Amino acid sequence: MLLRRLASYPGAGTMVQRFFLRPMSKSVRPSLVRGRSRRGARDEEDRGGEGRVHLHKSRGQHLLTNPRVLDAIVTKSGVGPSDTVLEIGPGTGNLTLKLLEKAGHVVAVEIDKRLVEILHSRVVESGLEDRITVICGDALKTQFPHFDLCVANIPYGISSPLILKMLFGTHNFRSATLLLQKEFAKRLLANPGDPEFNRLAVNVKLVSDVQFLMDVSKKDFVPCPKVDSSLVRIQPKPEIPLVDLEEWGAFVRTCFSKKNKTLGAIFKQKKKVIELMIRSKRVVITGRHRGLCVEDRGVADDDNIDPDMSDDEELAEEDGSDTTSNKESALFKDKIVSLLNDRGYTERRPSKLSNEQLLSLLSAFNEAGVYFCG
């Protein structure tokens, strides 16, 4: 008898489904693929099942079909028989089946119910259904169960928030081997002084080490994307600097709002001075400045957000000319300028500073009573 078991994880926000046996519906059978002959659909089915359902490029549904590349990903991930592997966006299961051959258990998170059906049909055919848990839901909203490794071909559109969710979340995992858009991978791998170096690289490298593994041609995907991909390994550091992560995130956002300007130019802006003065007052009033330390809080995924918008405007509105005197803001600005001059950072650009230098500057600001997250 065909069975279906439903289970839910706290905070998932979507229904979590664990299927043991489930037939494939007629709507996704190879013979019904639009725009392809039965033979063409069968050819694509042989390459991983992508011909059974219409794939949406806009959702980042590009399935890896090259078996040599799939084998290389599994090998480079270092997965073993005792490992529980988290896979985000398994699609039709090309990589999933390879992982099931090596791992003790696989947790696959897929948002598309059509692909979930195909995935389970293939897993059942392989007789491996007792070693997989499939969560049908949005990976960004789902609370992941325990996992040792993450191995995934991540949809391009969620790469940044997903990586930050894993690194700044509550899970302790060994490493994440991720297939990413090549340009995005370059940003993760960038070092101070590189054109690609930005907030994302700064935040990721604060808590992890990133290693390039190999490039993957766009021709190895169906449908073919516009760009090539790169495989990287992200390994959480055993120890991270003693810094409040919210304060760090706000500081980095401020510095990289204009990453190629000098710090002197960034911190001399009247609007920025008033904003920091208000934030600093809030921190002192609440007493938060007495206990800034590492906390279990994430760094916001602000890579695509203009940090000089909404929140800053709200602070400027709150301030107003009636509540803050020009003299007070001038004194606060002098304190910032003096600190930058004394530390030799006035003419330095954020894009050329290491994390150690940024941490040192943040510490100096905090000691002087200047705070970024209030």
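## Strands β4 and β5

In this predicted model, isoleucine 88 has valine 109 of β5 as its bridge partner. The two strands involved are β4, covering residues 84-88, and β5, covering residues 105-110; they run parallel and share five bridges.

## The seven-stranded sheet

β4 and β5 belong to an open sheet of seven strands, ordered β6-β5-β4-β7-β8-β11-β9, with mixed pairing. Which strands stand at the edges? They are β6 (132-136) and β9 (208-216). Each has a single partner strand, so one side of each is left without a neighbour in the sheet. Between neighbouring strands the average turn is 20°, with direction ignored. As a general point, strands in a sheet are held in pairs by backbone hydrogen bonds, in either a parallel or an antiparallel arrangement.

Another parallel pair is β7 with β8, again joined over five bridges. Here cysteine 150 sits opposite alanine 176 of β8. Is β8 mostly covered or mostly open? Mostly covered: of its seven residues, six are buried.

## Helices lying across the sheet

Helix α2 (residues 67-77) lies across β7 (149-153), β8 (175-181), β9 and β11, and its direction makes an angle of about 160° with β9. Helix α7 (residues 199-207) lies across β9 and β11, at about 115° to β9.

## α7 and its helix neighbours

Now follow α7 to its helix partners. With helix α13 (residues 355-367), α7 packs at about 90°, and the axes are 10 Å apart. The two helices are therefore roughly perpendicular to each other. On the α7 side the residues that meet α13 are Val202, Lys205 and Leu206, while α13 brings Asn355, Leu358 and Leu359.

α7 also packs with helix α6 (residues 182-189), at an angle of about 55° and with 7 Å between the axes. That angle makes α6 oblique to α7. From α6, the contact uses Phe184, Arg187, Leu188 and Leu189; from α7, it uses Leu200, Ala201, Val204 and Lys205.

## Nonpolar cores

The largest nonpolar core holds 63 residues, and the members that touch the most others are Leu178, Trp248, Phe251, Phe267 and Phe365. What does phenylalanine 251 touch, leaving aside residues up to four places away in sequence? Its contacts are Leu358, Leu361, Leu362, Phe365 and Phe372. There is also a second, separate core of 29 residues, with Val85, Leu97, Val106 and Cys136 among its members.

## A cis peptide bond

One backbone detail deserves a look. Valine 222 and proline 223 are joined by a cis peptide bond, with omega about -10°. Where does proline 223 lie? It is in the loop between β10 (221-222) and β11 (229-236).

## The chain as a whole

Stepping back, the protein chain has 13 helices and 11 strands. Of its 374 residues, 50% are buried. Among contacts with a separation of 6 or more, 72% link residues 24 or more positions apart. The chain exposes about 18000 Å², and 49% of that comes from carbon and sulfur atoms.

Notes: Residues are numbered from 1 along each chain as its sequence is written. This is a predicted model: local features need pLDDT of at least 70, side-chain atom pairs count only at pLDDT 80 or more; totals for chains, interfaces and linings use all residues. Side-chain values use heavy atoms; hydrogens and water are left out. A nonpolar core is a set of buried Ala, Val, Leu, Ile, Met, Phe, Trp, Tyr and Cys residues joined through side-chain atoms within 4.5 Å. Buried means under 20% relative accessible area, exposed over 50%, partly exposed in between (1.4 Å probe, protein chains only). Contact means heavy atoms within 4.5 Å. Helices (H or I, at least four residues) and strands (E, at least two) are DSSP runs, numbered from the N terminus. Two strands pair if DSSP finds at least two bridges between them. Axes are lines fitted to C-alpha atoms, for helices over the stretch in contact, and angles run from 0 to 180 degrees between N-to-C directions. Accessible areas come from the Shrake-Rupley method with a 1.4 Å probe; for residues, only the protein chains shown count as cover. Angles under 35 degrees count as roughly parallel, over 145 as roughly antiparallel, 65 to 115 as roughly perpendicular and the rest as oblique.
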